[in-house]
Amino acid sequence: MSSARILVVDDEPQIRRLLDRALTGAGYDVTAVASGEEALAAFAERPADLVILDLAMPGIGGLETIRRLRAASVVPIVILSVQEREADKIAALDLGADDYVTKPFGLGELLARLRATLRRATAPQGPDAVVQAGPLRVDLLRHAVTLAGAPVHLTPTEFAILAYLVTHADRVVTHHVLLRAVWGEQYGADAHYLHVYVNQLRRKLEPDPAQPHFLLTEPGVGYRFRGDA
């Protein structure tokens, strides 16, 4: 989606210039602003297809900007921030951000994340009945999983975790959100459950469970299913 409009929000001039050049070179229509206030005004005047947003800014901070954007729009939001605290990442994702990239960042990875986020935003609503990621095939209706054509036997809980991650492919899913989706509200703060089950899934699905290809860990935050395998 090379003609997509992207709104960049960052108070560092060098970051704005870097992203403006890189994204324009990739074919995107870019508007770059320095604050949350400018971002909200620019979005109201000309809505973007995706917002790249820093968290630490003077005036209206990144979290409040997410909150205000989400009150009016479902535009995809990718956080690009030097803040590495787990609480900041979780707060941004729980407020409705679609992905989180930490500075310093690689342009190649950022562009790949943007493409994945834009694909999700323009995909037909509702999950596909069958999801294919390289050799991995997940049939959501039949609760069937195959790897290179061979059936993989999953427990109901393992399948529920995989199905949720697959239907949110390429998006960071926090521990809290995944726990609530699979086990209910009472387990929303106990990430130990997920660690055990995700390890079991990796043993069944990954060629090398120690270096996962499909089920990626976002340290301290949650998991992401790699859908572009």
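Strand β8 (residues 144–147) and β9 run antiparallel and are joined by 3 bridges; helices (H or I, at least four residues) and strands (E, at least two) are DSSP runs, numbered from the N terminus. This is a predicted model, in which local features need pLDDT of at least 70 and side-chain atom pairs count only at pLDDT 80 or more, while totals for chains, interfaces and linings use all residues. Residues are numbered from 1 along each chain as its sequence is written, and side-chain values use heavy atoms, with hydrogens and water left out.

**Antiparallel sheet**

- The bridge partner of L147 in β9 is A150.
- β8 and β9 belong to an open sheet of 4 strands with antiparallel pairing and the order β6-β7-β8-β9; two strands pair if DSSP finds at least two bridges between them.
- β6 (130–133) and β9 (150–152) are the edge strands, each pairing on one side only.
- On average, neighbouring strands of this sheet are turned by 25° against each other, direction ignored.
- Helix α6 (residues 156–167) lies across β6, β7 (136–139) and β8, and runs at about 100° to β7. Axes are lines fitted to C-alpha atoms, for helices over the stretch in contact, and angles run from 0 to 180 degrees between N-to-C directions.

**Nonpolar cores**

- The largest nonpolar core has 26 residues, and L162 and F225 have the most contacts inside it. Such a core is a set of buried Ala, Val, Leu, Ile, Met, Phe, Trp, Tyr and Cys residues joined through side-chain atoms within 4.5 Å, where buried means under 20% relative accessible area, exposed over 50%, and partly exposed in between (1.4 Å probe, protein chains only).
- At least two residues of this core come from each of β6, β7, α6, α7 (175–183), α8 (192–205) and β12 (222–225).
- The most is given by α6, with 6 residues.
- Leaving aside neighbours within four places in sequence, F225 is in contact (heavy atoms within 4.5 Å) with A133, L136, L162, L165, V166, A169, D170, F214 and L215.
- A second, separate core has 24 residues, among them A42, I66, A92 and L93.

**Parallel sheet**

- An open sheet of 5 strands has parallel pairing and the order β2-β1-β3-β4-β5.
- β2 (29–33) and β5 (99–102) stand at its edges with a single partner strand each, so one side of each is left without a neighbour in the sheet.
- Neighbouring strands of this sheet are turned by 20° against each other on average, direction ignored.
- Strand β4 (residues 77–81) pairs with β5 in the parallel sense over 4 bridges, and the partner of I79 in β5 is Y100.
- α4 packs on the sheet, touching β4 and β5, and its direction makes about 150° with that of β5.
- Strand β3 (residues 50–53) pairs with β4 in the parallel sense over 3 bridges; the bridge partner of I52 in β4 is V78.
- β4 is mostly covered, with 5 of its 5 residues buried. I77, I79 and S81 point one way from the strand, V78 and L80 the other way, and all are buried.

**Helix pair α3 and α4**

- Helix α3 (residues 62–72) and helix α4 (residues 86–95) pack at an angle of about 10°, with axes 9 Å apart. That makes α3 roughly parallel to α4, because angles under 35 degrees count as roughly parallel, over 145 as roughly antiparallel, 65 to 115 as roughly perpendicular and the rest as oblique.
- L63, I66, R67 and R70 of α3 make the contact with D88, A91, A92 and L95 of α4.
- The residues of this contact divide into 5 nonpolar, no polar and 3 charged; Ala, Val, Leu, Ile, Met, Phe, Trp, Tyr, Cys and Pro count as nonpolar, Asp, Glu, Lys and Arg as charged, and the others, Gly among them, as polar.
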